[in-house]
Amino acid sequence: MVRVNVLNDALNAICNAEKRGYRQVLIRPSSKVIVKFLKVMMKHGYIGEFEIIDDHRACKIVVHLNGRLNKCGVISPRFDVDTRSIEKWSTNLLPSRQFGFLVLTTSAGIMDHEEAKRKKTGGKILGFFY
């Protein structure tokens with residue numbers, strides 16, 4: 001069977017493992033977008049450390065979970081988001097203004113919506129987590 005969205009598969013694996021109460025989860029295959037998405041999640045403390053295992057194919061990632069993640073998902077298709085509509089997307093997708101993050105891919109790299117607002121840059125929406 002063909003994988004359509006590798007990022008969606010990875011976030012579903014993380015979300016399901018978190019619901020089951022696992023301490024770590026194996027994600028395969030890996031991609032640069034998945035690694036950057038995980039770095040944003042790790043920066044905000046929703047996951048622990050992760051390690052990339054190079055098997056000379058598509059790599060694997062072992063993510064250590066800490067029990068803080070409630071839900072994460074991918075927004076498909078990747079809609080264009082400018083600086084004015086970031087607030088609209090965050091109210092539609094996130095449960096509260098106090099917690100949760102949208103992940104955007106911008107010309108300045110992959111970042112969360114608060115950092116994109118600070119840098120006054122828009123981009124395409126990748127997904128969310130809270």
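Which is Lys-43, buried or exposed? Please also tell me what it pairs with and what lies around it.

Analyst: Lys-43 counts as exposed, because its relative accessibility is 52%. Buried here means under 20% relative accessible area, exposed means over 50%, and partly exposed lies in between (1.4 Å probe, protein chains only).

A word on the model. It is predicted, so local features need pLDDT of at least 70 and side-chain atom pairs count only at pLDDT 80 or more, while totals for chains, interfaces and linings use all residues. Residues are numbered from 1 along each chain as its sequence is written, and side-chain values use heavy atoms, with hydrogens and water left out.

Now the partner. Lys-43 forms a salt bridge with Glu-115. Their closest N and O atoms are 3.2 Å apart. A salt bridge is a side-chain nitrogen of Lys or Arg within 4 Å of a carboxyl oxygen of Asp or Glu. Lys-43 sits in helix H2 and Glu-115 in helix H4, so the bridge ties together parts that are 72 residues apart in sequence. Helices (H or I, at least four residues) and strands (E, at least two) are DSSP runs, numbered from the N terminus.

The two ends of this bridge are set differently. Lys-43 is exposed at 52%. Glu-115 is buried, because its relative accessibility is 17%. The pair also belongs to a network of salt bridges, which links Lys-43, Asp-112, Glu-115 and Lys-119.

Next, the helix that carries Lys-43. H2 covers residues 32-43 and has 12 residues. From first C-alpha to last, H2 reaches 16 Å. That is close to the 16 Å expected at 1.5 Å a residue. The expected span is 1.5 Å times one less than the number of residues. H2 also has buried residues: Ile-34, Val-35, Phe-37, Leu-38, Val-40 and Met-41. After H2 comes Gly-45. The phi of Gly-45 is positive, near 85°.

Another of them joins Lys-124 and Asp-80, at 2.6 Å from N to O. Lys-124 lies in strand E8 (residues 123-129) and Asp-80 in strand E5 (residues 80-81), so this pair ties together parts that are 44 residues apart in sequence. Lys-124 is partly exposed, because its relative accessibility is 36%. Asp-80 is exposed, with a relative accessible area of 56%.

A further bridge joins Asp-82 and Arg-84. The closest N and O atoms of that pair are 3.0 Å apart. Asp-82 is partly exposed, at 32%. Arg-84 is exposed, at 71%.

Glu-49 lies in strand E2 (residues 47-53). At 55% relative accessibility, Glu-49 counts as exposed. Glu-49 and Lys-71 are 22 residues apart in sequence. In space, their C-alpha atoms are 18 Å apart.

Cys-15 is in no disulfide, and its nearest cysteine sulfur, that of Cys-72, is 4.3 Å away. Cys-15 is buried, because its relative accessibility is 6%.

Methods:
Disulfide = S-S within 2.5 Å.
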